[in-house]
Amino acid sequence: MTRGEILVADDDAAIRTVVAQALSRAGYEVRTTGTAATLWRWVQSGEGDLVVTDVVMPDENAFELLPRIKKLRPELPIVVMSAQNTFMTAIRASERGAYDYLPKPFDLKELVGIVGRALAEPKKQAVGAGEEFERMPLVGRSPAMQEIYRSLARLMLTDLTVLIHGESGTGKELVARALHDYGKRKKGPFVAINMAAIPRDLIESELFGHEKGAFTGAAQRSAGRFEQAEGGTLFLDEIGDMPMEAQTRLLRVLQQGEYTTVGGRTAIKTNVRIVAATNKDLRILIQQGLFREDLYFRLNVVPLRLPPLRERTEDIPDLAHHFFKQAVAEGLPQKYIEQAALDRMKRYRWPGNIRELENLIRRLAALHPQEVVSEALIEAELSAEAPRPASLLAPSGATAGADRELESGQTLSSSVETHLARLFRDCGEVLPPPGLYHRVLREIEVPLISAALAATRGNQIKAAELLGLNRNTLRKKINDLDIRLMRAPR
Ligand SMILES: Nc1ncnc2c1ncn2[C@@H]1O[C@H](COP(=O)(O)OP(=O)(O)OP(=O)(O)O)[C@@H](O)[C@H]1O
């Protein structure tokens with residue numbers, strides 16, 4: 001007796017053959033076709049217990065067919081295979097009701113495993129077809145990213161708590177947003193809070209809100225992030241920096257689904273999906289007594305690890321093109337990049353991950369006059385990256401020498417001078433694009449303000465004092481320059 005009938009559709013005869021062989025060997029009866037029309041005819045006549053289909057077929061795209069199949073036979077599991085290994089393929093497959101999605105090339109054992117699981121599972125209700133998406137929030141087709149996309153696609157229709165782990169700049173917040181924007185809470189709010197950017201004694205009131213008079217300075221009742229995120233998603237960034245008392249309160253919310261405001265007595269019911277992120281190993285913090293183990297288990301329902309960019313250098317060309325396109329959309333000149341330049345980028349370590357790559361591309365788009373980005377230019381940019389002026393972040397004594405030399409042996413102004421001299425030299429006869437003054441100032445303001453915020457653990461009052469700026473001016477600059485609030489180096 002066979003274990004079930006599998007309908008296989010792929011316009012590539014070689015793939016049909018290997019898939020059919022693997023499934024027959026596993027005890028299934030298999031029918032194969034190279035067209036969507038035949039597959040549809042079989043489905044209509046009630047044949048098959050499961051479908052394995054390619055996306056692009058000569059007569060129709062399987063994504064067009066999937067909703068029809070799901071409508072007619074909602075219980076029929078469909079496994080989608082595709083060579084277009086992007087985030088949107090995984091998401092679209094999931095949205096169109098696919099049981100699973102397999103990026104090509106795949107391991108036949110994995111396919112057989114998925115087919116076995118799908119047929120063994122109790123039949124589920126079909127998911128309605130969603131609308132088309134043009135935006136591509138996550139870029140990269142490396143195997144590591146495809147694994148992420150598959151996990152995300154499976155998570156979209158759930159409300160599970162997710163804990164994202166990854167180095168700074170690997171895209172943790174972007175993934176949290178994608179989970180929200182494409183998930184079932186997309187109509188609700190997405191609220192993010194960074195534990196490292198808020199003074200520790202204010203975290204509880206920021207999260208849960210406070211009543212009038214709850215503490216000195218609490219002149220009004222104030223809503224917390226839980227209240228703001230009601231019906232949506234709350235993204236808890238840098239969760240490892242959450243103080244113990246706030247952890248206890250958060251644990252209670254996760255256990256009981258309700259919380260009280262600071263100074264309040266009435267329990268408030270909450271309906272919020274939690275996505276948390278960390279760049280630290282929470283298990284080490286647990287050993288050090290800095291993180292509650294019970295909270296860790298509540299948060300770590302679904303762990304997602306975002307690999308650092310140096311582990312997926314094959315994504316660099318896609319990412320670079322994406323950021324160049326973004327720069328054009330923001331009104332900066334169009335650039336092209338040489339293959340050798342991309343190869344050089346693949347050999348760099350990218351300690352700041354995708355954020356560092358994004359900043360480099362922006363800098364190239366904004367400051368460099370040549371249309372084509374050469375290997376030499378990337379070499380110069382990346383070797384300039386290496387001796388980071390870390391002394392800017394150090395306590396004042398370390399930089400208070402007579403000429404305040406930076407680690408690289410250059411003063412700040414001489415390094416700006418060198419940079420500008422190179423810029424004008426590179427331009428040759430032509431002048432750089434207009435607006436140079438503001439672009440250069442921005443290049444300096446962003447790291448300056450970020451360093452001040454990092455050094456003061458995100459305390460804007462202290463950072464403003466350190467910089468000698470008015471608090472409101474600092475706040476406005478943080479907004480205008482789109483500065484990320486980040487953690488201080490310890
Ligand atoms: N896969 C990706 N495709 C396109 N852009 C990306 C991708 N991953 C990250 N980015 C971009 O890189 C930048 C950094 O991403 P993000 O802020 O999500 O990182 P993070 O891990 O949350 O960083 P941190 O830990 O420092 O808060 C953002 O501008 C984001 O849009």
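Axes are lines fitted to C-alpha atoms, for helices over the stretch in contact, and angles between them run from 0 to 180 degrees between N-to-C directions. Helices (H or I, at least four residues) and strands (E, at least two) are DSSP runs, numbered from the N terminus. The model is predicted: local features need pLDDT of at least 70, side-chain atom pairs count only at pLDDT 80 or more, and totals for chains, interfaces and linings use all residues. Residues are numbered from 1 along each chain as its sequence is written.

Two packed helices are described by the angle between their axes and the distance between the axes. Helix α13 (residues 316-329) packs against helix α14 (residues 339-346) at an angle of about 115°, and their axes are 10 Å apart. This contact, in which C-beta atoms placed from the backbone lie within 7 Å, involves I316, P317 and A320 of α13 together with L342, M345 and K346 of α14. Its residues comprise 5 nonpolar, no polar and 1 charged; Ala, Val, Leu, Ile, Met, Phe, Trp, Tyr, Cys and Pro count as nonpolar, Asp, Glu, Lys and Arg as charged, and the others, Gly among them, as polar.

Helix α13 also packs against helix α15 (residues 353-367), at an angle of about 45° and with the axes 9 Å apart. The helices α13 and α15 are therefore oblique to each other (angles under 35 degrees count as roughly parallel, over 145 as roughly antiparallel, 65 to 115 as roughly perpendicular and the rest as oblique). In this pairing, I316, L319, A320, F323, F324 and A327 of α13 meet I354, L357, E358, I361, R362 and A365 of α15. The contact holds 10 nonpolar, no polar and 2 charged residues.

Around the ligand lie 18 residues, of which V139, S168, G171, K172 and E173 come nearest; a residue is near if its C-beta atom, placed from the backbone, lies within 6 Å. Helices α7 (172-181) and α15 each supply at least two residues of this shell, which divides into 5 nonpolar, 8 polar and 5 charged residues.

Most residues other than glycine have a negative phi, and most peptide bonds are trans. A cis peptide bond, with omega about 0°, joins K104 and P105, and P105 is in the loop between β5 (100-103) and α5 (108-120). E238, which is not a glycine, has a positive phi of about 50° and belongs to the loop between β8 (233-237) and α10 (244-256). E238 counts as buried, with 23 C-beta neighbours inside 10 Å (buried: 20 or more other C-beta atoms within 10 Å; exposed: 12 or fewer; partly exposed: in between; C-beta atoms are placed from the backbone).

Definitions and conventions
Two residues are in contact if their C-beta atoms, placed from the backbone, lie within 7 Å.
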